[in-house]
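Dear colleague,

I am passing on the structure below, together with some notes on it. Please read the notes alongside the coordinates.

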Amino acid sequence: MSGTAGSKANDLKVGIVGGSIAGCAAAIELSRAGCDVTLYERSGNELKDRGAGIGVPPSVVETFIDRDLVDHDIPYFRLDKMSRIWRSADDSYHGYVAWDQPAQLGALNWGGLYSNLRARVPDAIYRANHNVLALHQTDPEHVAVELADGTAPEFDLVVCADGYTSLGRHTLFPEVTVDYAGYVLWRGFIMEDELDKPKPLDDGVRCLGYPGGHGIFYFVPGPDGSVEPGKRLVNWAMYITIPDTEIEEFLTDKQGISRKGSLSPGTMPMATERRLKDEARDRIPDYYADIVEKSPDTFVYSIYDCQVPAYRVGRICLAGDAGAFARPHSAAGALKGINDSVALAAALSSHDSVDQALSEWNTERTATNNGLVQFGNQLGIALVKEIPDWSKMDQPSMEKWFSGVVTIATEYLPATP
Ligand SMILES: Cc1cc2nc3c(=O)[nH]c(=O)nc-3n(C[C@H](O)[C@H](O)[C@H](O)COP(=O)(O)OP(=O)(O)OC[C@H]3O[C@@H](n4cnc5c(N)ncnc54)[C@H](O)[C@@H]3O)c2cc1C
C-alpha cells in the first residue's frame, strides 16, 4: 500500500537516487524500517573505488557494526595520535615534530565500506544502469522519478543520494552553488612492503605542514583487507593550492581534455605528476617524499564548498554529498551520508506523521551538517590558507594556535586541552 499523510514508515514507497555510500545506507535502513524501497544507480553494477583510505571516528565504525551496516570484522584499525611535522634543516629526513596531537581515527578502505553496504542491499531493489533525469513533485505527497528509459515511477518519498553534483539538490535549490575552495587534494598510495621501514608511520597519523597546505600519511587496510603489519597500504593525501585562474589548465588530462573536478587514476599527464612530485620533495621530509615518489597513478580532485538551506522540500530529501559537504579535513564524507540515512529511518519509524518526521529530521540534519561544513572550513583556513610555520613552534604554542582557529570539536579531533 502506498502512504498518505499520517502513514508510518512501513506504508511508504521510497525511491532512492544514487547507489553509493549514502544511497546504500538509506536502502538498508529504510527497508529495515518497513519501507518499500527501489534504488536507481546510473553506473553499472560495481562502483569504482574512490581512493584508498577513509579516516572516521572509531566510535562511528562501532555504531555501524552495532547496526549491522557493516560486518563485525570489517578491516579497520584505530589511530590515536596525529603528529604535526614540518620539514627542517636539522632533520630533513623525518622532520621536526611540533606536536603529537591526540586524535581518534578509525582507518578503513572506501571500497571495503562500500562493498559491506552494497552486500546488504538486495539486487532486486538495486537498479544499476538507471539514470534519473528529473524529479517531479506530482502532488504534496507524491514524487515521480523520470528515468532515461522513458518511465516515471511514482513514490511517496524520494531520497536523493546522488553525490556532490546532485540533481536533487539542483532541483530543490537551483540557487545553491558549489564553489571551488582554491585548493586540490592530491592522493596516492603504495603497499607497505615497499617501505624501507614502517616507522614512523606505525606511530599514528602523520600530518606534514608546509606553506600553502599540508599532507596526511597513514596506514589503511591492504587491498585484501589485511590489517597485518607488512600487508597494509600506505595512504597519503596532500593539499595543494591552485589559484582559481589556473585550475582549469591544471585539471587537463593526458588527452588534453579539461576535466571538471578531478583527474582519476591513470589520467594525469606525466608533466603534472612530475611537477607535483618535485614540489613534494621540496616541501615534506624525505621519508614521506620517497613514498610519494614511489606511488603510481596518483590522482587529484578539487575541494569544493557547499551548504544547503534545508535537507527536505515536500517529499524530496537529500542525503550524503547531495546535501552540504564538508572539506575532507573534517573526516566526515562517508560517515555523514550514512548518518543522514540512519537518522531518516529512525525519524520515520518514531512518528505517525511522515511530514512531521521529515520536518524534525530536516531541522536536525541541516544544523548538524552545516556545523560539519563549518568545522571543515575552519580546518581549511588553519591548515591550508593560513598555516603558520610549525618549525618555529612547540607543543604549547601549537595548542594555543589550534584552539584559537578551530573552535568546533568533533569526535575525531576533541577540543584542545
Ligand atoms: C574523486 C573522489 C575521491 C574521494 N575519495 C575519498 C576518500 O578516499 N575518502 C573519503 O572519506 N571520501 C572520499 N571522497 C568523498 C566520498 O566519496 C564521499 O564523501 C562519499 O562517497 C559520499 O557518498 P555519497 O553516497 O553521498 O555520494 P557518491 O559517493 O558521490 O555517490 C553518488 C552516487 O549517485 C550516482 N548518481 C549521481 N547522479 C545520478 C543520477 N542522475 N541517477 C542515478 N544515479 C546517480 C553516482 O553514480 C554515484 O554512485 C572522494 C570523493 C571524490 C569525488
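The notes below cover the domains, their contact and the surroundings of the ligand.

This is a predicted model, in which local features need pLDDT of at least 70 and side-chain atom pairs count only at pLDDT 80 or more, while totals for chains, interfaces and linings use all residues. Residues are numbered from 1 along each chain as its sequence is written.

The domain assignment divides the protein into domain 1 (9-45 + 128-178 + 308-377) and domain 2 (53-109 + 180-304 + 388-405), with bounds that come from an automatic or database assignment. Taken over C-alpha atoms, the centres of domain 1 and domain 2 are separated by 30 Å. Eleven residues of domain 1 are in contact with twelve of domain 2, contact meaning that C-beta atoms, placed from the backbone, lie within 7 Å. On the side of domain 1 that touches domain 2, helix 1 and helix 8 are the elements that give two or more residues, and the largest share, four residues, comes from helix 8. That side comprises ten nonpolar residues, no polar ones and one charged; here Ala, Val, Leu, Ile, Met, Phe, Trp, Tyr, Cys and Pro count as nonpolar, Asp, Glu, Lys and Arg as charged, and the others, Gly among them, as polar.

The ligand is surrounded by 32 residues, the closest being Gly18, Ser20, Gly163, Gly320 and Gly333, where a residue is near if its C-beta atom, placed from the backbone, lies within 6 Å. Both domain 1 and domain 2 contribute at least three residues to this shell. Helix 1 (21-32), strand 3 (53-56) and helix 8 (333-349) each supply at least two, helices (H or I, at least four residues) and strands (E, at least two) being DSSP runs numbered from the N terminus. By class, the shell holds 14 nonpolar, 13 polar and five charged residues.

With best regards

How values were computed:
Contact = placed C-beta atoms within 7 Å.
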